[in-house]
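Please read them with the coordinates open.

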Amino acid sequence: MVDLKSDFVPMGEVSADERSRMAFGKAGVHRDDRYAVAVNAEGEILLTPLVSIPRRELLVWDDEGIRAALVRGLEHSSKDETSEGGDFTRYAEEDHPLEDENASAEPRS
């Protein structure tokens, strides 16, 4: 039996097919689920669930003030406490700082 580290629970055994793929359905993995993959010196493989977000939304996760303002806005909207703000299409053509190619999309810890 394999010596399990931390709070891992044995889910069975899988074999790689001819293309080196393994099925993880028994472990609760579903189609299109995404995982970060890490391998240690002993060859143990760790899969960490990921959720990808568009780069333009990364600022919301990086800036606590923006995130709080978004939550407040959603709360107001759910209580129908909003007002008409007018037409904002004139701003659609302006450069936006979130479109910077140097923005990081690396997983956050």
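1. Asp17 has a relative accessible area of 29%, so this residue is partly exposed. Its salt-bridge partner is Arg21, with an N to O distance of 3.0 Å between the side chains. Arg21 is partly exposed as well, because its relative accessible area is 43%. The model is a predicted one, and side-chain atom pairs such as this are counted only at pLDDT 80 or more.

2. How many salt bridges does a search of the whole structure find? The search gives two. Besides the Asp17 and Arg21 pair, there is a salt bridge between Arg31 and Asp32, where the closest N and O atoms are 3.8 Å apart. The cut-off for a salt bridge is 4 Å. Arg31 and Asp32 are both exposed, whereas Asp17 is partly exposed.

3. Now the secondary structure. The chain has two helices and two strands, and their order along the sequence is β-β-α-α. Strand β1 covers residues 34-39 and strand β2 covers residues 45-50. The two strands run antiparallel and are joined by six bridges.

4. Which residue of β2 is the bridge partner of Arg34? The partner is Leu50. Further along the pairing, Thr48 in β2 stands opposite Ala36. Five residues lie between the strands of this hairpin, and Gly43 has a positive phi near 85 degrees.

5. A nonpolar surface patch of about 600 Å² should be noted. Its members are Val14, Met22, Phe24, Val37, Val39, Ile45 and Leu47. Strands β1 and β2 each contribute at least two residues to the patch. Ile45, one of the patch residues, is located in strand β2. Is Ile45 buried or exposed? Its relative accessibility is 54%, so Ile45 counts as exposed; the threshold for that class is over 50%.

6. Phe88 counts as exposed because its relative accessibility is 54%.

7. Last, the totals for the chain. Of its 109 residues, 2% are buried. The accessible surface comes to about 10300 Å², and carbon and sulfur atoms hold 52% of that area. Among contacts with a separation of 6 or more, 30% are between residues 24 or more positions apart.

Methods
Residues are numbered from 1 along each chain as its sequence is written. This is a predicted model: local features need pLDDT of at least 70, side-chain atom pairs count only at pLDDT 80 or more; totals for chains, interfaces and linings use all residues. Side-chain values use heavy atoms; hydrogens and water are left out. Two strands pair if DSSP finds at least two bridges between them. Helices (H or I, at least four residues) and strands (E, at least two) are DSSP runs, numbered from the N terminus. Buried means under 20% relative accessible area, exposed over 50%, partly exposed in between (1.4 Å probe, protein chains only). Patches are made of residues with over 30% relative accessible area and no salt bridge: like charges are joined within 9 Å, nonpolar side chains (Val, Leu, Ile, Met, Phe, Trp, Tyr) within 5 Å. Accessible areas come from the Shrake-Rupley method with a 1.4 Å probe; for residues, only the protein chains shown count as cover. Contact means heavy atoms within 4.5 Å.
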